[in-house]
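Trainee: I have a new model open and I'd like to learn how to read it. Can you walk me through it, one feature at a time?

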Amino acid sequence: MEHKYNLEVIAGDFNSPLSRNEIWTSAYFKFPSLLGISRVVLGIASHQDQIEYFGDLVSWQKCHDELKNKVLADYHYIEKLIESFIDHGQKMNVWTEDNFLKADLKFLSSKELIVRLNKFVDLQSTEYAIGVALVILDFQGFSFVENNLEKILKSKVSKAEYAEYYRVFTQPVNNSFAQDQEEDLLSLTEKYYSNSQWQSNIKNKTKEELRSIYPDFYQGLENHTQKHGWIYYVYAGPAFTEQNFLDFIKDYLVREIDPSKKLKELDKRKKQLVVDKEKYLEILNPTEFEKVILDLAPRVVWAKPRRKDFQSKSYYHVEKLYKEIAKRFFCLWSKCALVRLPCCKRV
């Protein structure tokens, strides 16, 4: 049976690698097997990393309706989706770190490199498929969590109190990866902050000079970079270097941010948020369903970028594989050109 779709351009992007977009648009083919719903019809047109996304909005609506029905039938469904892509994302990061970042790829056959690349593509597309379901649920103004949260709060608190309650019940308690990075860098800075000479040298000395003058500090900076360099990678990089994080520290010093005070302030905010949530829950006296929504709202806010971070980390890991493949391709091209084989013209 022939399928007819009404395709239209729905969005665009720039500096967006074709390979990444092929992965996430192909993820929709996994909807029937992973989520038991119809797939979204979505494609891309790419020209020098300038991307246009085109799709059939009827298929998008159908997919949204099927997901919406699942949520309405089981209000724990969204939490199950979140748990699923969190679990899968963690496992994906472990696999790509072991098979790319920590692996000595130069001793692997080209066939094995392609096998690992295909595995990476499959893992990433699965993470997209599960995670993007939350985005599709927000289609056409329907947001199961946010709409119900607004309804609950508007029925139980005054207009004057609404903004504060909404802030408390949408703010995540758990850190993002970027917040973990910030706290770790503040902790590193805290160890040396009281030394005025160190502050002056950080502002005025080169990275190489700092390595010589403060070897312990620089080792800490290298360890920090190894742990957190991927966080701002997204899907194309570049990864952050020691210089990038050193610039962050310089900025703290220029703005006279006391790392000890800042860390205490961040900790105080988290603890106060927990206290406020407990207090407001007691005042609201929610039903079982309302309690699920109130717990789920900050979880959704935290989980959406978390899924993207898992994917960013694995994109960072796979860069090593891309470089190994490119090196072998260049060597093959060079040999081909040297002996003037006809294939060099095709390359």
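Trainee: Let me start with a single side chain. Does His-224 count as buried or exposed?

Mentor: Keep in mind that this is a predicted model. The general idea is to compare relative accessibility with a cut-off, and buried means under 20%. His-224 has a relative accessibility of 6%, so it counts as buried.

Trainee: Where does His-224 lie, and what is it in contact with?

Mentor: His-224 lies in helix α11. Leaving aside neighbours within four places in sequence, His-224 is in contact with Gln-181, Asp-184, Leu-185, Gly-229 and Phe-245.

Trainee: Let's move on to helix pairs. How do I describe one?

Mentor: Two packed helices are described by the angle between their axes and the distance between the axes. Take helix α8 (residues 177–190) and helix α11 (residues 215–228): their axes come within 11 Å and cross at roughly 175°. Angles over 145 degrees count as roughly antiparallel, so α8 is roughly antiparallel to α11.

Trainee: Which residues make that contact of α8 with α11?

Mentor: From α8 you have Asp-180, Gln-181, Asp-184, Leu-185 and Leu-188. From α11 come Phe-217, Gly-220, Leu-221, His-224, Lys-227 and His-228. Sorted by class, the contact has 4 nonpolar, 4 polar and 3 charged residues.

Trainee: How do the axes of α4 and α5 cross?

Mentor: Helix α4 (residues 77–101) and helix α5 (residues 110–137) have axes that come within 10 Å and cross at roughly 160°. That makes α4 roughly antiparallel to α5. The crossing of α4 past α5 is left-handed. On the α4 side, the contact includes Ile-78, Ile-82, Phe-85, His-88 and Met-92. On the α5 side, the residues include Phe-120, Leu-123, Glu-127, Ile-130 and Leu-134. By class, the contact of α4 with α5 has 13 nonpolar, 8 polar and 3 charged residues.

Trainee: You listed Glu-127 there. Is Glu-127 buried or exposed?

Mentor: Glu-127, found in helix α5, has 0% relative accessibility, so it counts as buried. Leaving aside neighbours within four places in sequence, Glu-127 is in contact with Phe-85, His-88, Gly-89, Met-92, Arg-307, Phe-310 and Gln-311. Look at Arg-307 in particular: Glu-127 and Arg-307 are 180 residues apart in sequence, with their C-alpha atoms 7.6 Å apart in space.

Trainee: For the chain, what share of contacts with a separation of 6 or more comes from residues 24 or more positions apart?

Mentor: Such residues account for 76% of those contacts. As for the rest of the overview, the chain has 15 helices and 3 strands, and 41% of its 347 residues count as buried. The C-alpha trace spans about 80 × 75 × 30 Å along its principal axes.

Trainee: How many residues does the largest nonpolar core have?

Mentor: The largest nonpolar core has 69 residues. Tyr-28, Phe-31, Ile-78, Ile-82, Ile-136 and Phe-169 have the most contacts inside that core. Leaving aside neighbours within four places in sequence, Ile-82 is in contact with Leu-134, Leu-296, Arg-299, Val-300 and Ala-303. A second, separate core has 19 residues, including Leu-186, Leu-221, Leu-253 and Leu-263.

Trainee: What about a helix pair with an angle of roughly 120°, α7 and α13?

Mentor: The axes of helix α7 (residues 159–168) and α13 come within 10 Å at that angle, which makes α7 oblique to α13. The crossing of α7 and α13 is left-handed. Among the residues in contact are Glu-164 and Tyr-165 of α7, along with Asp-276, Lys-277 and Tyr-280 of α13. By class, this contact of α7 with α13 has 6 nonpolar, no polar and 4 charged residues.

Trainee: Now the backbone. Which residues does a cis peptide bond join?

Mentor: Gly-237 and Pro-238 are joined by a cis peptide bond, with omega about 5°. Pro-238 is found in the loop between α11 and α12 (242–254).

Trainee: And what is phi for Glu-256 and for Asn-285?

Mentor: Glu-256 has a positive phi of about 55° although it is not a glycine. Glu-256 lies in the loop between α12 and α13 (259–284), and is exposed, with a relative accessible area of 66%. Asn-285, also not a glycine, has a positive phi near 50°. You'll find Asn-285 in the loop between α13 and α14 (288–338), and at 59% relative accessibility Asn-285 counts as exposed.

Conventions: Residues numbered from 1 in each chain as written. Predicted model: local features only at pLDDT ≥ 70, side-chain atom pairs only at ≥ 80, totals over all residues. Heavy atoms only, no water. Axes fitted to C-alpha atoms, helices over the stretch in contact; angles between N-to-C directions. Helix = DSSP H or I, 4+ residues; strand = E, 2+ residues; numbered from the N terminus. Parallel < 35°, antiparallel > 145°, perpendicular 65-115°, else oblique. Left-handed = near helix turned anticlockwise from the far one by under 90°. Contact = heavy atoms within 4.5 Å. Nonpolar A, V, L, I, M, F, W, Y, C, P; charged D, E, K, R; others polar. Core = buried A, V, L, I, M, F, W, Y, C linked by side-chain atoms within 4.5 Å. Buried < 20%, exposed > 50% of the residue type's maximum accessible area, 1.4 Å probe, protein only.
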